[in-house]
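Colleague: I'd like to learn how to read the inside of a fold. Could you walk me through one?

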Amino acid sequence: MNWTDVRIEIGRRLGDPDLKDFRSVVGKMFTSSMTEILENGDNFNLEEVSGLVDDSVRELDFTNSEQVSIIVKDDAIRLLDIFQDIATSFDSGATLIEISQSDFKRMNLEKSFRPAISEVFWFRRGNKLHFIKHPDYHNNITIVAQYLLNPDFDTWADDTDLINDKSFSLNFLFRVIDKA
């Protein structure tokens, strides 16, 4: 199903299969519906939008500090997950644990809230991800930050194949069309 097929299907459902009356509206209806579904995070599986899932591999360099911060991608709808790179050995890796900002604040007051030797705590504040390690943990860590990216509708030509080229499932496309 290409981009033209999607617009014709929406036009057909509006009673305008030739897009004489709604040509300028149907594309906007579809993109608005898709963005709304992706932002809400429900009514789809990641496999249905695999072309929008991005695994960003980053090395956390704790050489001179117990804390490292990285900036979240700005073209992402949301951060899906943080995990260690698949190449990391289970013996040399650390356990990544998400904490709240209030837990981070309590770490300064109570030692029991600080990470153990093989743990790395992380939390998000604004557009940054903060990672905290134990002072005796001396390995750098390679993490994968998995994002759901915004679709770039401006790059879609009339003949863009949304299933094979953009990796959307047919079921997902029809759910978006139904919503439009």
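This is a predicted model: local features need pLDDT of at least 70, side-chain atom pairs count only at pLDDT 80 or more; totals for chains, interfaces and linings use all residues.

Colleague: Fine. How many residues does the largest nonpolar core have, and which of them have the most contacts inside it?

Modeller: The general idea is that in soluble globular proteins, nonpolar side chains tend to be buried together. Here the largest such core has 21 residues, and those with the most contacts inside it are Phe-30, Met-34, Leu-38, Val-49, Phe-168 and Phe-172.

Colleague: Which elements give two or more residues to this core?

Modeller: Those are α1 (3–13), α2 (23–40) and α4 (170–179). The most comes from α2, with six residues. There's also a second, separate core of 20 residues, with Ala-94, Leu-96, Trp-122 and Ile-143 among them.

Colleague: Back to Leu-38: what is it in contact with, leaving aside neighbours within four places in sequence?

Modeller: Leu-38 is in contact with Phe-44, Val-49, Leu-52, Ile-77, Arg-78, Leu-148, Pro-151 and Phe-172.

Colleague: What does the side chain of Gln-146 make a polar contact with?

Modeller: With the side chain of Asp-55, at 3.0 Å. Leaving aside neighbours within four places in sequence, Gln-146 is also in contact with residues including Val-53, Asp-54, Arg-78, Leu-80 and Phe-83.

Colleague: And how far is Gln-146 from Glu-59, C-alpha to C-alpha?

Modeller: Those C-alpha atoms are separated by 14 Å, with the two residues 87 apart along the chain.

Notes
Residues are numbered from 1 along each chain as its sequence is written. Side-chain values use heavy atoms; hydrogens and water are left out. A nonpolar core is a set of buried Ala, Val, Leu, Ile, Met, Phe, Trp, Tyr and Cys residues joined through side-chain atoms within 4.5 Å. Buried means under 20% relative accessible area, exposed over 50%, partly exposed in between (1.4 Å probe, protein chains only). Helices (H or I, at least four residues) and strands (E, at least two) are DSSP runs, numbered from the N terminus. Contact means heavy atoms within 4.5 Å. A polar contact is a pair of N or O atoms within 3.5 Å; within protein, one must be able to donate a hydrogen and the other to accept it, and residues adjacent in sequence count only if both atoms are side-chain atoms.
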